[in-house]
Amino acid sequence: MAYSFFQKLFRRKSAAREQALAEFHTRYASFKDLLQANADIAKIMATLDTVYHGSKSLDTDQIRHEIMRAMVSVRTMSESLSKLSNDRYPALAPVLDNICNHIKNELASYTPGDVTELTLPLSEVDASMTYSVGAKNANLGEIHNMLEMPVPRGFAITTRAAQLFINRNKGLFTAMQKSLAQVDIDHPQSIQRTSDEIYELIMATPLPEEVERALLVTYDKAFGKDPDYPVALRSSAIAEDGVQSFAGQYLSILGVTRGTLLDSFKKVLASLYSPRAIAYRLTNGYELSTYGMAMCCLQMIKAKAAGVAYSRHPVNLRSNDVLINGVWGLGEAVADGSALPDQWLVSRATHKITRETIVGKLTKVMLDKNPDGTISPHVHEVEELLQNLPCLTREQVQAIAKAAVEFEHHYQYPQDIEWALDEDERLYFLQTRPMGFDTTSEDVRAPELEKIRPVISQAEVAARGVACGRVMIMDPDEDMTHFPEGYVLVMTHSSSNATVAMQRACAIVAEVGSLTGHMASVCREYGVPTLINAPGATMLLEEDQLVTVDALKGRVFNGEIPELLELHISRPPVANTPATVMMRRMAPYILPLHLIDPRAETFSPENCTSLHDVMRFIHEKSYNEMFLLSDTVSEGKDTAATSFSGPIPLDLYIIDLGGGLKDPLKRTARIDEVTDPSPLRTLLEGMLNPTVQANGPRPVNMRGFMSVMGNTMMSANTAERFGDHSYAIVSDKYLNFSSRVGYHYAILDCWCSATVSKNYIRFEFAGGAAGSVQRQRRVRCIGIILKELGFRVSVIADRVQARYQKYPRADIMQRLDQLGRLLIMTRQMDMLMTSEEAVTKFASNFLNGDYH
């Protein structure tokens, strides 16, 4: 009978233990899922960010896959936070749904599939259609439809027209392949022979009826039924006007009329296989047998003046000016270099003309009718009165410069732009394409740096670039609203708080950080050269020291290093490709971080506008929820706990979530039965350190003691005394320690793993039995100690809160050991805080290893 009673009692206690452990395991599992999802999306966003800024190449399908993964990871974080907090943030889910819906709508507009039309009006073309209409058409449609810039009337002939022409004539396709197979780059005559053969084949082959009909019907819609209306038929090949410009490799025909349109179509298509086009493709690694030729049929502008503009100076890479060249008449003389043009340099920042060079222009190119009725360019003399006058007014120069900068901002890449001014002084943009840059200077100048010794080396590059400025060392938690323009921000560790300074900082150096962390991601977004994991940076660099930050090779040099600054400027930004076009449209809903300060009123779900914002909000709030985990422990859940047996002045119970104890089923555990290494083991070792353990009773200051006694009696009826149990909820990587003794409490929450971006310690200490003055002195003393240990500290009244995060495992363990010592030392310290001198004295003693 007695046996049956005790068996039932044991079963009830065992069931209660299992139920309590299950509750903790559920929350811990949610927290682990959240941290893993956070790490996953950080890597995804770092990848997308490098695509956005041109450092990495992905195709549109790969980008689509990464974006879908990002949405799933953030959704996992949201669901995990909901479980952790018992749905404490109901506004988060609808906000996330809204952001994801925006992203899905944008993705829907990039559904894979070729354009089926043979022709398209430019009003229906944008940069996402490059693979169907070619880069020239895509860019013209983009700047007209997205930026509302003036372009000539016209239409795009899609690649489908050329494909249909070749595929409907099987003999043509076979003959072309056979001819191309004979090309040998070492024998130029084979290139010429192949080019001639393919030209003859194409010109001798009739156009399919549907291609012919589409060209003529669209021509009539665009330009009316005047058979003599002159247009330009320009090549718009798939790779043309991209990273490899193919400038001048393909044919453009001026003065095309309705009657010559069909033959002109075949001539432009045949230029895909001109000798120089074949040689160019061979040299730059493009497929020889491609027939992805689209064309651009445009209104001919009767140009009073024309030319080119570069949004960056193409030679002086350190210049901050737009370069504009122009001549009277058509711009062909500028493009082919046959005429010396007028030239202007215009400040990109102010749009003021910084230099103007006007030359004598004796001739100009104009369109004339030939005896056979065709139209072609002819050279004319410039009227004597105009020969030495600028071909543009200052206002027109500034308008072109302003547009050039806007094009660059839109495409995130310096642009090479053709413009024309018609006889009515109306400005048109004929094309825009990425500028070409010479990057060989990097290889030439790099060896010179070997003679210069860096102050810091082997740091990790978080955002590429080079910058020079004076050093300002700041606390990562400090208000950076007024960070000075052009300075180098130096911190002990990375912090999203630095976002405030990024628009003014020329570079950032952090002693510790994560490549996939919030700050690194935003630095890449802002284009701020950034180094992380630069040990000792705050000690090696001095306030106001002039330094050059080399965020290409992870170095910092004293003073200005011109060779490095040139390396930086010679590296062009991102080019325009279908993948980067997609990323530009998706980026506002994914990459920007607006939620920076967790203490701000705006740090809320309602102010999240991107996946990065949602990720940041959830990450921050998950720490808060785990910090309060021990509040869920009640006397009834002691059955889930193992009592700690050791010489510490705490009644400590351990709840093992997995891997924290060597035998979690034992009712008691000694220090050697706690997993080593683990956060709890390190904390306990700090508490049990022989230098901390007092050999006798702590000397009591009687004035402080009477203050404690008096305050205790006065508050006996109003103050709620904490329970005497302390709890440690643990795993091999996690610790939530809650010590509630008498009238004060301490809470410590920690994750310690090999993944730096996940690691953190949060610590809070408050209360006490002494008067408010002594309690406040104690927490100020604790605050001084923690700040010296590298924590971010906040002291309000008799409460101190501290945070130490994103540091390596070894650093986290060192701080846990120190916190263990601190928890022992600070017991009843409030009764010793009888003067202000005691605050600094006890802090100094602790930091010097004197714990008594």
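A residue is called buried when its relative accessible area is under 20%, and because Val 466 has a relative accessibility of 3%, it counts as buried. The model in which this value is computed is a predicted one. Val 466 is found in strand 15, which covers residues 465–473. Although Val 466 and Pro 529 are 63 residues apart in sequence, their C-alpha atoms are 5.9 Å apart in space.

## Helix 8

Helix 8 comprises 15 residues, 209–223, and from its first C-alpha to its last it reaches 21 Å, close to the 21 Å expected at 1.5 Å a residue. Its buried residues are Val 211, Ala 214, Leu 215, Leu 216, Thr 218, Tyr 219, Asp 220 and Phe 223. After the helix comes Gly 224, with a positive phi near 85°.

Within helix 8, Glu 209 and Arg 213 lie four residues apart, about one turn of the helix, and they form a salt bridge in which the closest N and O atoms are 3.7 Å apart. Glu 209 counts as exposed, at 61% relative accessibility, whereas Arg 213, at 46%, counts as partly exposed.

## Salt bridges between separate elements

Side chains of opposite charge can pair when their charged atoms come close. The count of salt bridges in the model comes to 32, and one of them joins Lys 361 to Asp 342, with the closest N and O atoms 2.9 Å apart. Lys 361 lies in the loop between strand 9 (353–357) and strand 10 (363–369), while Asp 342 belongs to strand 8 (residues 342–347), so the pair ties together parts that are 19 residues apart in sequence. Lys 361 is buried, with a relative accessible area of 3%, and Asp 342 likewise counts as buried, at 0% relative accessibility.

A further salt bridge is formed by Arg 803 and Glu 620, whose closest N and O atoms are 2.6 Å apart. This pair links distant parts of the chain, 183 residues apart, with Arg 803 in strand 29 (residues 799–805) and Glu 620 in helix 18 (residues 611–627). Arg 803 counts as buried at 16% relative accessibility, and Glu 620 is buried with a relative accessible area of 4%. Through salt bridges that share partners, Arg 616, Glu 620, Arg 762 and Arg 803 are joined into one network.

## Cysteines

The count of disulfides comes to zero. Cys 391 is buried, with a relative accessible area of 4%, and Cys 608 counts as buried at 5% relative accessibility.

Notes. Residues numbered from 1 in each chain as written. Predicted model: local features only at pLDDT ≥ 70, side-chain atom pairs only at ≥ 80, totals over all residues. Heavy atoms only, no water. Helix = DSSP H or I, 4+ residues; strand = E, 2+ residues; numbered from the N terminus. Expected span 1.5 Å × (residues − 1). Buried < 20%, exposed > 50% of the residue type's maximum accessible area, 1.4 Å probe, protein only. Disulfide = S-S within 2.5 Å. Salt bridge = Lys/Arg side-chain N within 4 Å of Asp/Glu carboxyl O.
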